[in-house]
Amino acid sequence: TTFYVAVPRKWSRVFEKKVSALFPYARVEQIKDYNIFNENGVTLGSTLRLKRAAFFPIRSYRRLEADPLEVLTTAFSKMKKEGDGAAIQLVVRPAGSEWQDKGKQTARFLKKGKSLKEITKTDSWQGVATSAVGEFVSGSKKKQKDEDLKTSSEPFDEELVKHLEEKAGRAGFDVNIRLLASAETHEEALDILQSLEDAFLQFSDPQANSFIVERFNLVFFNH
C-alpha cells in the first residue's frame, strides 16, 4: 500500500522520523507530485462533515471489529490500474479547547437527566447552559427543580456519557475530509466515489455521531 503525504519542507525530516518510529518496515521516499486525474475522463468529488456537533464522537479504531484502514484501502483496490484514480485528502490543524468544554458540559447535563432532545432544543448546548445558570442564580427554585428532576428524568446513556468524556479529555483537531474519484466515464467515477464514501460508514455511531456526505456541485471534465 502506498500513501502520498504533503508536508512543509522544514517538517519533512521530522515527518520521516515519526513514520519510521511508528512503522519500522515502512519506506519513505521523496517523489514528484502524484496526479490521480484521468486527463480525458471525468472527476467527481465529495466532502464529509459531522452530522452532530464536533464534541459528539464517531467510532474510533478502539471500537471497531475490523481494521479501519483495511476497509479504506479495499475501496481503492476495486479501481483499474489504468484510467482510474482516487484520493482521500485530510487537511488537519490543531483545534481550540471550546469544543472540549461543550463536550464536558453536555456530559454533565446528560448525567442530570437532560435528554439530547432537550439539550439541542435551542440549537446548541449554550441554551441548556444558560438555563442551568438561571437555576443556580434563582436559589429558591433549585430545590424544587432537583425534586422534579428525580421524578421526571430518564436514565441517562452511560455509554454515550463515557464516550463524550473520553473525547473531551483528548486533544482535538479541525479536519477537512475530501474524496476525489477520476475515471473514463461519469458512471465509473461515481462508482469509485461511492466506494470511498461507503468506507466511512464504519465510523458511524447511531447514539453519538456520523459523517454526512456532500457532493460537489460541479462535475469536472478533463481534456
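Biologist: Is Ser182 buried or exposed?

Modeller: Buried means under 20% relative accessible area, exposed over 50%, and partly exposed in between (1.4 Å probe, protein chains only). Ser182 is buried, with a relative accessible area of 0%. This is a predicted model: local features need pLDDT of at least 70, side-chain atom pairs count only at pLDDT 80 or more, and totals for chains, interfaces and linings use all residues. Numbering runs from 1 along each chain as its sequence is written, and side-chain values use heavy atoms, with hydrogens and water left out.

Biologist: Where is Ser182, and which polar contact joins its side chain to that of Thr43?

Modeller: A polar contact is a pair of N or O atoms within 3.5 Å; within protein, one must be able to donate a hydrogen and the other to accept it, and residues adjacent in sequence count only if both atoms are side-chain atoms. Ser182 sits in strand S3. Its side chain meets that of Thr43 in a polar contact of 3.2 Å. A polar atom of the Ser182 side chain also lies 2.8 Å from the backbone nitrogen of Asn38.

Biologist: How many helices and strands does the chain have?

Modeller: Helices (H or I, at least four residues) and strands (E, at least two) are DSSP runs, numbered from the N terminus. Here there are 8 helices and 5 strands. Along the sequence the pattern is α-β-α-β-α-α-α-α-α-β-α-β-β.

Biologist: Which residues touch the most other members of the largest nonpolar core?

Modeller: In soluble globular proteins, nonpolar side chains tend to be buried together. A nonpolar core is a set of buried Ala, Val, Leu, Ile, Met, Phe, Trp, Tyr and Cys residues joined through side-chain atoms within 4.5 Å. The largest one has 20 residues; Leu48, Ile177, Leu179, Ile192, Phe200 and Phe211 touch the most other members. Two or more residues come from each of strand S1 (42-50), helix H2 (68-77), strand S3 (173-183) and helix H8 (186-199). H8 gives the most, with 5 residues.

Biologist: What is Leu48 in contact with, beyond its neighbours within four places in sequence?

Modeller: Contact means heavy atoms within 4.5 Å. Leu48 has Ile177, Leu179, Phe200, Phe211, Ile212 and Val213 as such partners. Apart from this core lies another, of 10 residues, including Trp99 and Leu160.

Biologist: How much of the chain is buried?

Modeller: Buried residues make up 28% of the 223 residues.
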